[in-house]
Structures are given as C-alpha cells and as structure tokens.
Amino acid sequence: MDVYEKLEAKRAWALKGGSGSEKAAKILAGKLFVRDRLERFFDGPFEFEDGLLAGVQKGVPADAVVTAIGQVNGRRVAVIANDFTTKAGTWGYQTFLKITRFQELAFNLKLPLVYLVDSAGARIDEQKLCYLGRRAWGNIFYNQVKFSGAIPQLCVLFGPSPAGAAYVPALCDAVIMVDKTATAYLGSPRMARMAIGEDISEEDLGGARMHCTLSGLGDILVQSDDEAIAVAKRYLDFFPGSWTEKPAAKADSGKANLVDITKIIPVNQNQPYDVKELIAALADDDSVLEIKALFAKEMVTSLVRLGGMPVGIVANNSKVKGGVLFNDSSDKAARFIWLCNAFNVPLLFLQDISGYMIGSAVEKAGIIRHGAKLLSAVCEATVPRISVMVRKAYGGGYLAMSGAPTQPDAMLALPTAMPALVGPEAAVNAMYFNQIAELPEKDRAAFIMKKREEYGADIDVYTAAADPLAVEAVVNPNELRGELISRFRVYSLKKAEAFEKRSAVHPV
C-alpha cells in the first residue's frame, strides 16, 4: 500500500466511524448516524471538516466528534457533532481539543455554532489529561459563556448529555430535544439510588419531555432526528451570523387568508382566549416558531416574520392561568428577550395582563426576584420594541410587559384595551372594604357590582390615547399587522445604544 492508498484507507475508516456493526445498529435504533444527520442538515457536502484523523493512533475514528463547516439555508454554519457509535460519543483529550478549536474558529469567523449532541460525557480513563488544568474539558463551557450573545449557539440534543456535559445544552441559546431519546442530568438514575435512595427512571429524571415541560432546559420538543434537523434549520433562519449583523429579511409574502381579528379577541375582559390565534393572524403565513411551548404556558414566546422581517413576540395567554405572571413565565420571557436583543431581533409585546401572581407560595418562591428579572430584561433591550395593549394592562404586570415607562419605540392599543393600576375587582375591594363590611349581607353583592361598573367605566383607552407619552395610536385590530410592519421598518433604522457600563447586576 503506497502513501496515497494509506491516506484513503485511514480516511475511509474515520468516515465510517463506529457505524456498520451489529452493535452500532442497536445503538442507532430509531436514530441517524452522525454523518447522516450532517448530510440532512447541510445544503450539500461540507465545505471542509477539521480533525478527521484525530484518534487514528488510538483506534477511535475522528475521536468521536465531527467538526465541520457547511451551508445551511444558503449561509455558512459551524457544527460540532458527537458520534455515539464511537466510544458512546465521549470526550477524550483530542475530542476536547477539536471542540474548543472549533468553537474559537466559529467565533473568529462570526458563524452560528450548532452542537449536535449525543454523548455519554467525559472519558474517565483520560481525566488526567484534561480535567484539572487550564487547558481542560471545562474550556468548552468557558468558551460557550465567552461567546454567548456574540454568535448564535444552538444545541440539538439527540441522545444523552450527562453530568458535566449537561452544561453544553444549558449554556446554549436554545435546545431542541428529541422525545424518548434525548436525556440530560447531573447524576444518573444509578447515582440517585446510591446517593439519595431515589428510584427513578432515566426518562423521568432527565428525559426530553420533562425538560421541555418542567425544568425549562428544553425549548422545543420533537419526535425524531429528522424533525430536529428541520426545526434547527428553521430556527437559524431567524438569526444573523453574529451580533454585529442584523437578521436577514425575506420578501413580504403577505397573508393568503386574512383573519377577522375582532372575532379572536373577546371584548369581555374576563373571557379567556388563546393568544396563539392572534399571533398566527398577525404573522406571515407558516412563519411561527414557538419557543418553550410546553413550559410556563401562561406566557407565549414565539419567533415569527412580519412582512418578511424576523420578530420575537412575548404575549400573555389568558387561556392558561388567566395569563398571570408566575416565576417560570417571568424567567421564560426574560431569557427570550435577552436572546432577541443579543442578535438584533425586534420585539413585539402583546399585553393582556392583570399582574403577577400573589400569595405566600409565590412570595416564598421569589416572585419579586423573578419579576425583577423580566423587568430588567425589558428595560435593557435596545432593539426596536413595540408594545400593544390588547386588553388588560394592569399595574406591575403592565410594566413588565414593556409598558410605556420602559421606553418602547411605540405603545399601541386596541379598542379593547383596559389600562389601569388595578382591575375593578381589586380596586373596589381596596376602596370600599369598610363600607362593604358595614352593609347588610343581602345588599353587598349589588353594591359591589355597581361600584365595579362605575370603576370599569372610568378605565378608558381613549384617556390613555389623549396622552402622547402613553399611547402613540389606537388601532383597529384588523389594521394591526400593517401598522406593525410599517413601524418596525422605520424603527429598524435606529442605532441601538446601551447604557454605558461594564456589566449589569442582574436579579436572579
């Protein structure tokens, strides 16, 4: 075998990875081999791959990770992808070198970085090489934090990501998880049994559905590798290559079927409705990608296009828990706002908010801290920002949902809007508590109803509209889409300026 034949043989061996064996077939049951994932993800062949022959001396193809750059939706994207058929996708010394080198390359080239994760974590037998020092596995997480907000970082979790490796998805901007196959946990079920005596399944401990519904680690739950790849490509389409650019707009395709929005929004403030119907009516056709749809459902966060422009929507959903703000919904909205603001994606707030949840349970859980986190994110945002009073706009919830005092570019209102410090129920109880208590039992209900009607009659969107510093315009719901498109096009001309300081001290 001459030198060229030797090269081709080693390349073929590395490209095959651990696939092709009976063991690999079992490992990949219902899943795609790493290079098949990349073939579906990229528009065509890689532009190049680094470190293909890493691990050749140890007999570990590519050292269990593929690092490549290729075109996705017509633009370059960097990918770090684990090969679970090779040593369960674990990280060794050369794996770590490949991963950190490619992170740095993506940052220097200002390319989105996608982690296709399917790994059993670090290799214990190589810990002496890359655990303790300044050049060690922890550099992977250091780089993720360092590059956060500079380039988009997306994790697509196809399989396991245990122990320290769980911080890869946790430190990405968003996490797509494949149901029934993706898992993430700091300690395995076996460790949980040994350490704390808890007997729990892998799925219940760290499964994709649990993380997408309860912990909030997962952003989008999908049912297959192919769906994960398709959603990842859609997600990337909303973002630029780095924070120095604006996301690309597409041609305004309009709406094939206009919806009568007045039929979606009930005039009765106490009648719930699904705000997702309003979002779909406003957004370009087939452009809505909801983030954290299964987590804290009283708040909806969606990436959409308006007239071809990428926009992030934050909306109260009265259909779930009345749309009231809780700890998780505050965190969910805050992180989405930070994501959009980092990559120059304009923000639209759809307000229908009676306020934050009250009571001892939420106070003990830190509702004030979590609410402050949301308010902080709103006030920090420098991207074009429009707020729409859809219905209720009460008190602290109004502020947290980008009320006028937080300086949005525009505060719009629909005719159904009800701006007030508190709603009729709370106001009447506060103002007439003693008087109500002194009335005979039989007269109280009628008195309360009368006072609520009087108070409600004084909550008038046109009073707010008379103040040019409160509401820029009252808009017919069926004209709202056009109004938003026009305003975002104009506001996108502004230069974002943040407060001059080294770093904020964020609420936690």
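**View 1. Ser 148 in the loop between helix H6 and strand S5 of the predicted model.** Ser 148 is found in the loop that runs between helix H6 (138-147) and strand S5 (153-157), in a model that is predicted. With a relative accessible area of 41%, Ser 148 is partly exposed, because partly exposed covers the range between buried, under 20%, and exposed, over 50%. When its neighbours within four places in sequence are left aside, Ser 148 is in contact with Gln 153 and Asp 173. A separation of 8.7 Å lies between the C-alpha atoms of Ser 148 and Ala 342, although these two residues are 194 residues apart along the chain.

**View 2. The packing of helix H4 with helix H6.** The axes of H4 (residues 93-109) and H6 come within 9 Å and cross at roughly 10 degrees, and H4 and H6 are therefore roughly parallel to each other, since angles under 35 degrees count as such. From H4 the contact draws on Phe 96, Ile 99, Thr 100, Gln 103, Glu 104 and Phe 107, while H6 contributes Asn 139, Ile 140, Asn 143, Gln 144 and Phe 147. By class, the residues of this contact of H4 with H6 are 5 nonpolar, 5 polar and 1 charged.

**View 3. The packing of helix H3 with helix H11.** H3 (residues 34-41) and H11 (residues 225-236) pack at an angle of about 40 degrees, and their axes are 10 Å apart; the two helices are therefore oblique to each other. The crossing in which H3 passes H11 is right-handed. Arg 37, Arg 40 and Phe 41 in H3 meet Asp 225, Asp 226, Ile 229, Ala 232, Lys 233 and Leu 236 in H11, and the residues of this contact divide into 4 nonpolar, no polar and 5 charged.

**View 4. Helix H21 and its buried residues.** The end C-alpha atoms of H21 (residues 480-491) are 16 Å apart, which agrees with the 16 Å that its 12 residues should span at 1.5 Å a residue. The buried residues of H21 are Leu 480, Arg 481, Leu 484, Ile 485, Arg 487, Phe 488 and Tyr 491.

Technical notes: Residues numbered from 1 in each chain as written. Predicted model: local features only at pLDDT ≥ 70, side-chain atom pairs only at ≥ 80, totals over all residues. Heavy atoms only, no water. Axes fitted to C-alpha atoms, helices over the stretch in contact; angles between N-to-C directions. Helix = DSSP H or I, 4+ residues; strand = E, 2+ residues; numbered from the N terminus. Parallel < 35°, antiparallel > 145°, perpendicular 65-115°, else oblique. Left-handed = near helix turned anticlockwise from the far one by under 90°. Contact = heavy atoms within 4.5 Å. Nonpolar A, V, L, I, M, F, W, Y, C, P; charged D, E, K, R; others polar. Buried < 20%, exposed > 50% of the residue type's maximum accessible area, 1.4 Å probe, protein only. Expected span 1.5 Å × (residues − 1).
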